[in-house]
Amino acid sequence: MYSFTVRNIVPNLNFGSQRKLLSLRLPTNQLEKRRWNLFSTLSDPDREVRLDLLEGNDVGIATISLNRPSAKNALGRVCAQQMLESFNFLYEQDNVRVAIIRSEVKGVFCAGADLKERLKMTQSEVAEFLGTLRQCLPKVGGLPIPTIAALDGAALGGGLEIALWCDLRVVSEDARVGLVETKLAIIPGGGGTQNLPRIIGKARAKELIYTGRVIRGKDAETLGLANYCVPQNDGGDAAYLRSLELAREIAPNGPVALRMAKRAIDSGLDGSLSAGVAIEWNCYKEVIPTEDRIEGLKAFKEKRPPVYKGR
């Protein structure tokens, strides 16, 4: 475990968040220093994609915020690379228990690929960009911790594909979501043809992809695409606030148990029921020797909240 500056996000009545620096703890060795320097870069508020690790009552929660207002958070080369950097960083963090992907641009989550930028690319640049995207988007689904997509506005094409890689999705009533690629004579290339049918079923997914239809937040909830649909607020961040509530329910639970539960579900659904049960048992065996399991039993006996340490 190591220490570095983190930022606490405190919602207010205006759109976005009030960021308050809570503490500064200097790194104590070279490894921590490198991680500190990397995190300082990833949490730069001027980045198109910013990583924040929350503190106080929200310790263990990470947020990845898209902030490219000039292009409605469209996925360009810089945005995709910065997302990949944030996901790679989270892969190495044992102290993060749940992550929220959100937007700080009012009315939009992500408008999909930046087609204007792509028109200016050479073929080699397009290939390089698509290679980054192919690394980036599956990284979301591969994160070992629970992930939540907060859709406060439009999530189209690649924007929706980001959300489909997440474990949970929360949408605002004014959100507009859809895989619109067939309208451009292409198909979803960021996992949409695979993730959407796994979430809402094959026939419904085919209908949405074949038609390129864009649906509202309430319809997304009805289809099972979203876990929750919430009325939008004046600040334009209602889905994020509901996602934060969900994260606060998840974060106090056993970190190893959360990772093993995610592994059992995701890996188990790829095969037969018997194979899935075998995977579940292997994951269960991982939590048996943990200190957290003993802490859970003690806390239950002593009628107090458990304090889990992830080991």
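L51 touches F39, L42, S43, A62, T63, I64, S86, F89 and L90, leaving aside residues up to four places away in sequence. These contacts belong to a predicted model, and L51 is one of the four residues, with M83, L90 and L196, that touch the most other members of the largest nonpolar core, a set of 51 residues. Helix α2, which spans residues 77-91, gives this core its largest share, 7 residues. Apart from this core there is a second, separate one of 15 residues, whose members include L54, V98, I148 and A247.

**The chain as a whole**

The chain has 311 residues, of which 48% count as buried, and it holds 12 helices and 12 strands. Among contacts between residues at least 6 apart in sequence, 67% join residues at least 24 apart.

L168 has its place in strand β9. Once residues up to four places away in sequence are set aside, L168 touches T147, I148, A149, N227, L246 and I250; among these, I148 is also a member of the second core, while L246 and I250 are buried residues of helix α9. T147 and L168 are 21 residues apart along the chain, and their C-alpha atoms are separated by 6.4 Å.

| Helix | Residues in helix | Span | Expected span |
|---|---|---|---|
| α9 | 13 residues | 19 Å | 18 Å |
| α10 | 14 residues | 20 Å | 20 Å |

In α9, which covers residues 238-250, the span is close to the expected value, and the buried residues are A238, A239, Y240, R242, S243, L244, L246, A247 and I250.

**The largest pocket**

Which element gives the largest share of the lining of the largest pocket? That element is α10, with 6 residues. The pocket holds about 770 Å³ of space, and of the 26 residues that line it, C166, D167, I265, D266 and L269 are the closest to its centre. Two or more lining residues come from each of α4 (123-142), β9 (168-172), α6 (192-200) and α10 (255-268). By class, the lining is made up of 13 nonpolar, 7 polar and 6 charged residues.

**The largest cavity**

Rolling a probe the size of a water molecule over the atoms shows where empty space is left. A search of the whole structure finds 1 cavity of 30 Å³ or more, and about 50 Å³ of space lies in the largest cavity. The residues that line the largest cavity are L160, V177, G178, L179, L196, L208, R213, I215 and L225, and by class this lining has 7 nonpolar, 1 polar and 1 charged residues. L196, which is part of that lining, is also among the residues that touch the most other members of the largest nonpolar core.

Note on methods:
Residues are numbered from 1 along each chain as its sequence is written. This is a predicted model: local features need pLDDT of at least 70, side-chain atom pairs count only at pLDDT 80 or more; totals for chains, interfaces and linings use all residues. Side-chain values use heavy atoms; hydrogens and water are left out. Helices (H or I, at least four residues) and strands (E, at least two) are DSSP runs, numbered from the N terminus. The expected span of a helix is 1.5 Å times one less than its number of residues. Buried means under 20% relative accessible area, exposed over 50%, partly exposed in between (1.4 Å probe, protein chains only). On a 1 Å grid over the protein atoms alone, a cavity is a set of points where a 1.4 Å probe fits but cannot get out, and a pocket is an open set with protein on both sides within 12 Å along at least five of seven lines; lining residues have an atom within 4 Å of a point. Grid points are joined across faces, edges and corners, and a volume is the space filled by probe spheres set on the points. Ala, Val, Leu, Ile, Met, Phe, Trp, Tyr, Cys and Pro count as nonpolar, Asp, Glu, Lys and Arg as charged, and the others, Gly among them, as polar. A nonpolar core is a set of buried Ala, Val, Leu, Ile, Met, Phe, Trp, Tyr and Cys residues joined through side-chain atoms within 4.5 Å. Contact means heavy atoms within 4.5 Å.
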